Amino acid sequence: MDKINEIWPKWHTVEPIGRGAFGEVFKVKRTELGETFYSAVKVIRIPGDRQEIQELMGDGYTSNSIRYYYGSIAKNLMNEIKVLEQLKSAGNVVNIEEFEIQERQEEIGWDIYIRMELLKNLNEYRWGHQMDWKEVEKLGIDICKALEYCEQCKIIHRDIKPSNIFVDDYGNFKLGDFGIARQMEKTQSTMSQKGTEKYMAPEVRLGNQTGSYNVDIYSLGLVMYQLLNRNRMPFESLNSEFLTFEDRERALWRRLEGEEISPPIDVPEGLGEIIVKACTADKNARYQSAHELYTDLTEWRKEKSKRKEKMKKTVQKKIVIEKRDNDKKIEPISEEEKKEDT
């Protein structure tokens, strides 16, 4: 049975396109006057499985208290989604078109359906496609635009990672999944957090939950670093194809404890230093706002463009001079020499 079609009769499920810790994503379509339109629908289940309820019952919770607990999470998630309506005019934020929250009838739980624009996330985009520094620089600028708007609306994303960055058909990068993962983390304490923790700012990872807007700057800087460091995080070896769990953990703690990071390997001069400042462990030495990072990235782009144009003009001038010098070396043929030739 097409549950999505039951909720929105004009939309039909095409296929599943993603699965995560908190639910699934489906491609859906709608046909009007011979034209077909596509969207994505994220289906989030609270709780994710029956085991979570059994664990709570094992801890002595009653059915009513468990229902109240999960109901509060569903309500908070709805409020998070409503907040996103403030961001609809932001060009680099994934648009949520509509949503529906339904309580399950035969068991404890809620199902949330969120319809949004159909985009590829960064992980999908990178399959078979090596991103160069120009694309990564654009990603940084685009996501900074989204974060600037978030700061104006007093929103901290807190979960910036490749799976929450999306790409449209025109190569523009957009930020999605505001607040959803943060609310879903409350569903149960034993749920794996490794995907999220990997990009967390040290002050958040180590227990200081009063992080400012620049916790998002840290995560964005780390994503950019990884993309330009051959998919390796700071302190992970570039010389070995295989890394052990211990290798990754050791690199993680060196980063969290504030050891100085070298620029990523595949960057032009200047860009690497900007990225390193973005993901500096010391929150006071880091960029304090998205606007600061955006300004440095755009200024660096302008300067590089100027240097490129200057170099181009220098090369063109050199070609002209060499051509002129070569022309001078060719002596004109005299009338007598012309007669001899004939």
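**Entry 1. Overall make-up**

I began with the contacts in the protein (heavy atoms within 4.5 Å): among those between residues at least 6 apart in sequence, 62% join residues at least 24 apart. I note that this is a predicted model, in which local features need pLDDT of at least 70 and side-chain atom pairs count only at pLDDT 80 or more, while totals for chains, interfaces and linings use all residues. Residues are numbered from 1 along each chain as its sequence is written, and side-chain values use heavy atoms, with hydrogens and water left out.

I then looked up the secondary structure and found 13 helices and 8 strands in the protein. Both are DSSP runs numbered from the N terminus, helices being H or I of at least four residues and strands E of at least two. Of the 342 residues, 42% are buried. Buried means under 20% relative accessible area, exposed over 50%, and partly exposed in between, with a 1.4 Å probe and protein chains only.

I looked up Glu151, which belongs to helix 5 (residues 133-152). Glu151 is buried but has no salt bridge; a salt bridge is a side-chain nitrogen of Lys or Arg within 4 Å of a carboxyl oxygen of Asp or Glu. The nearest side chain of opposite charge is that of Lys154, 10.0 Å away. For charge, Lys and Arg count as positive and Asp and Glu as negative, with His and the chain ends not counted.

What does the side chain of Glu151 have at 2.8 Å from one of its polar atoms? I found the backbone nitrogen of Ala290 there. Not counting residues up to four places away in sequence, Glu151 touches Tyr213, Ser289 and Ala290.

I followed this to Ser289, placed in the loop between helix 11 (271-278) and helix 12. Ser289 has a relative accessible area of 17% and is buried. Its contacts, leaving aside neighbours within four places in sequence, are Glu151 and Ile217.

Rings of Phe, Tyr and Trp (its six-membered ring) pair if their centres lie within 6.5 Å; planes under 30 degrees apart count as stacked, over 60 as edge-to-face and the rest as tilted. The rings of Trp133 and Trp300 have centres 5.4 Å apart and planes at 85°, so I recorded this pair as edge-to-face. Trp133 lies in helix 5 and Trp300 in helix 12 (residues 290-329), so the pair ties together parts that are 167 residues apart in sequence. Trp133 is partly exposed at 23% relative accessibility, whereas Trp300 is buried at 8%.

I also noted a salt bridge between Arg301 and Glu137, with the closest N and O atoms 3.4 Å apart. Arg301 is in helix 12 and Glu137 in helix 5, so this pair ties together parts that are 164 residues apart in sequence.

**Entry 2. Other charged residues**

My search of the whole structure gave 21 salt bridges. In one of them, Lys174 pairs with Glu117, the closest N and O atoms being 3.3 Å apart. Lys174 lies in strand 8 (residues 173-175) and Glu117 in the loop between strand 5 (110-116) and strand 6 (120-121), so the pair ties together parts that are 57 residues apart in sequence. Lys174 counts as buried at 10% relative accessibility.

I found Arg50, Arg104, Glu107 and Asp111 linked in a network of salt bridges.

I next looked for a charge over a ring, which requires NZ of Lys or CZ of Arg within 6 Å of the ring centre and within 35 degrees of the ring normal. The charged end of Lys27 sits over the ring of Tyr38, 4.6 Å from its centre. Lys277 lies over the face of Tyr287, at 4.5 Å from the ring centre.

**Entry 3. Trp8**

Trp8 is buried, its relative accessible area being 9%. Beyond four places in sequence, the residues that Trp8 touches include Val41, Phe99 and Tyr113. Trp8 and Glu100 are 92 residues apart in sequence, with 9.4 Å from C-alpha to C-alpha.

Note on methods: Polar contact = N/O pair within 3.5 Å; in protein donor to acceptor, adjacent residues only side chain to side chain.
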